[in-house]
Amino acid sequence: MRTARRQDTLCRAFEEICAMNIIPNQSEAYVLRISTEYEEDTDTLEMRFEWSGEPYNPMEEGDELSITLVKAYLKDADYTYADGENRLRVSM
């Protein structure tokens with residue numbers, strides 16, 4: 001995928017996941033940690049989101065239109081909840 005297009009897709013996915021799903025659906029203050037990684041061998045870009053609070057899977061419980069858009073951008077998504085931490089990993 002071309003670099004400019006990939007950056008645009010990354011920005012759109014980030015905005016949809018954070019602004020439309022995680023942020024408006026948290027009732028308490030929390031720290032949201034976000035990391036990105038790129039694997040050149042597989043040409044895979046991965047984003048990880050981690051935040052504390054009640055279990056909330058933004059790929060299933062968030063804004064329906066936003067979820068549809070994000071899923072169209074992604075190769076894979078994985079959500080887990082353990083020890084009071086939400087963890088979402090998405091790859092494109």
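**Labels and their grounds**

Student: Why is Asn86 called buried?

Tutor: In this predicted model, Asn86 has a relative accessible area of 0%. Buried means under 20%, so Asn86 is buried.

Student: Where does Asn86 sit, and what is it in contact with?

Tutor: Asn86 belongs to strand 4, residues 85–91. Setting aside neighbours within four places in sequence, its contacts include Phe49, Trp51, Tyr56 and Tyr81.

Student: What makes the pair formed by the side chain of Asn86 and the backbone nitrogen of Tyr56 a polar contact?

Tutor: A polar atom of the Asn86 side chain lies 2.9 Å from that nitrogen. The cut-off is 3.5 Å for N or O atoms, with one able to donate a hydrogen and the other to accept it.

Student: How do you know that strand 2 and strand 4 pair?

Tutor: Pairing requires at least two bridges. Strand 2 (residues 44–52) and strand 4 are joined by seven, and they run antiparallel. Within strand 4, Leu88 is the residue opposite Phe49.

Student: What is the order of the strands in the sheet, and why are strand 1 and strand 3 at the edges?

Tutor: The open sheet has four strands in the order 1-2-4-3, with antiparallel pairing. Strand 1 (32–39) and strand 3 (76–82) each have a single partner strand, so one side of each lacks a neighbour in the sheet. From one strand to the next, the twist averages 15 degrees.

Student: Which strands does helix 1 touch?

Tutor: Helix 1 (residues 3–22) packs on the sheet and touches strand 1, strand 2 and strand 4. Its direction makes about 20 degrees with that of strand 2.

Technical notes. Residues are numbered from 1 along each chain as its sequence is written. This is a predicted model: local features need pLDDT of at least 70, side-chain atom pairs count only at pLDDT 80 or more; totals for chains, interfaces and linings use all residues. Side-chain values use heavy atoms; hydrogens and water are left out. Helices (H or I, at least four residues) and strands (E, at least two) are DSSP runs, numbered from the N terminus. Buried means under 20% relative accessible area, exposed over 50%, partly exposed in between (1.4 Å probe, protein chains only). Contact means heavy atoms within 4.5 Å. Axes are lines fitted to C-alpha atoms, for helices over the stretch in contact, and angles run from 0 to 180 degrees between N-to-C directions.
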